[in-house]
Amino acid sequence: RRFALDVVAPRSARMDRDGRMDREVIDGMFANGLMSIELDERFGDSGASFTSAVLAVDELARVDPAVSLVNDLQNTIFINALRRLGTPEQQEQWLPRMAVDTLGAFALSEPASGSDAFALRTRAVDAGDHWVINGSKQWISNGREAGAFLVFANAAPDKKHKGICCFYVERGTPGFDVGASENKLGLRASSTCPLHFSDVRVPKHHLIGEFGHGYRYAIGALNEGRIGIGAQMVGLAQGCLDITLPYVHERRQFGAPIASFQAVQHQLAQLAVDVEAARLLVYNAARMKENGLPFVKHAAMAKLFASQVAQRTAARCVELHGGVGFTKDYAIERFYRDSIIGSIYEGTSNMQLTTIAKLMSDELATS
């Protein structure tokens, strides 16, 4: 929290306005051990828990949700995928960099495959001692700053989704181009870029895991990542309350602080209950994942509810600020814009509902 308040907070408004994250913020997260929380000492960090990574996302999001996203993707998706799927040789080669100065990005989505992620059209061809990748990716977070990418491509289209593989691709590889970041409504400091692959040669040993298991790996990574997004939304909602509570005690109408009005008190109390409930859902999902328990349903619930709470809390806090809440002079409008993405990325709210309903039916069938 000290890093967020001392380093991130003074830069947040400008980074949002410019649509670009200061390298000092990214370097600061590396220097403070926030970008490789679960890596053990042989790779350069402390080997803390998944819950510790979730807590870091939550705390950063209270100040700047865009910064928390960079942190979340590095810890809960990119590094965890390499820890779980990489060979010892791959881990020794790549993970130490992730603890020091290299951001990773997860390249799954494409222009024609969003929620239907496995309709991807990027292709990988076995060319003997290397792979050749062609295609495009869309909406890739951290794309501008990342030095390494986990790229999903179909190497056996006749097998449909069972031909999908995961490849480690380094920035600067010939034929690999990162496009300009999208001009987004929210999370503007976090880059979201298209990627283009034109006869990109990737060494054979850069295949992650087993051939044709990429679809399983993507699902597993996103299931874990949803807990991180839930934490981001909880932190965002708490940040809205952190901004709004002092304001309603300072703002006076009819001769009294508006915080003394029962209508305002009840709204704030309900928001606090909602945020706490979302927090407990997220932390419980993290606990279950950390202890090897089935957590997919709980991750979907946490992400779904936390994103709903974030949007409700941000909108209500804008209202409680009155006219100034509709201006860029107060940070609350940025939090409101940032909240919208929670119901979209890493699985829309409708996809979370579908997952929850399916798993409920599965549980009934096996009970």
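Me: Where is the place of W139: in which strand?

Reply: Heads-up, this is a predicted model, where local features need pLDDT of at least 70, side-chain atom pairs count only at pLDDT 80 or more, and totals for chains, interfaces and linings use all residues. Residues are numbered from 1 along each chain as its sequence is written, and side-chain values use heavy atoms, leaving out hydrogens and water. Helices (H or I, at least four residues) and strands (E, at least two) are DSSP runs, numbered from the N terminus. On that basis, W139 sits in strand β3.

Me: OK, is W139 buried or exposed?

Reply: The cut-offs go like this: buried is under 20% relative accessible area, exposed is over 50%, and partly exposed is in between (1.4 Å probe, protein chains only). W139 has a relative accessible area of 51%, so it counts as exposed.

Me: What is the phi of W139 near?

Reply: Most residues other than glycine have a negative phi. W139 isn't a glycine, yet its phi is positive, near 65 degrees.

Me: And N142, is that one buried or exposed?

Reply: N142 is in the loop between β3 and β4 (148-154). Its phi is also a positive value in a residue other than glycine, near 70 degrees. Relative accessibility is 1% here, so N142 counts as buried.

Me: On to α3. How far apart are its end C-alpha atoms?

Reply: The expected span of a helix is 1.5 Å times one less than its number of residues. Helix α3 (residues 50-61) has 12 residues, so it should span 16 Å. The model agrees with that, as the end C-alpha atoms of α3 are apart by 17 Å.

Me: Which helices do the buried residues of α3 pack against?

Reply: F50, A53, V54, A56, V57, D58, L60 and A61 are the buried ones in α3. Contact means heavy atoms within 4.5 Å. Going by contacts, the buried residues of α3 pack against α1 (2-18), α2 (23-31), α4 (65-85), α6 (214-250), α7 (262-290) and α9 (332-339).

Me: How far apart are the end C-alpha atoms of α7?

Reply: α7 has 29 residues, so at 1.5 Å a residue it should span 42 Å. Its buried residues, including V264, L268, L271 and D274, pack against α3, α4, α6 and α8 (296-321). Just after α7, G292 takes a positive phi of about 70 degrees. As for the ends of α7, their C-alpha atoms are apart by 42 Å.

Me: Which residues does V282 touch?

Reply: V282 lies in helix α7, and it counts as buried because its relative accessible area is 0%. Its C-alpha atom is 24 Å from that of L245, which is 37 residues away along the chain. Not counting residues up to four places away in sequence, V282 touches V54, I227, G230, A231, V234, A302 and A306.

Me: Which residues is V169 in contact with?

Reply: V169 is among the residues with the most contacts inside the largest nonpolar core. Leaving aside neighbours within four places in sequence, V169 is in contact with I133, A148, F149, V151, F176, F197, V200 and V202.

Note on methods
A nonpolar core is a set of buried Ala, Val, Leu, Ile, Met, Phe, Trp, Tyr and Cys residues joined through side-chain atoms within 4.5 Å.
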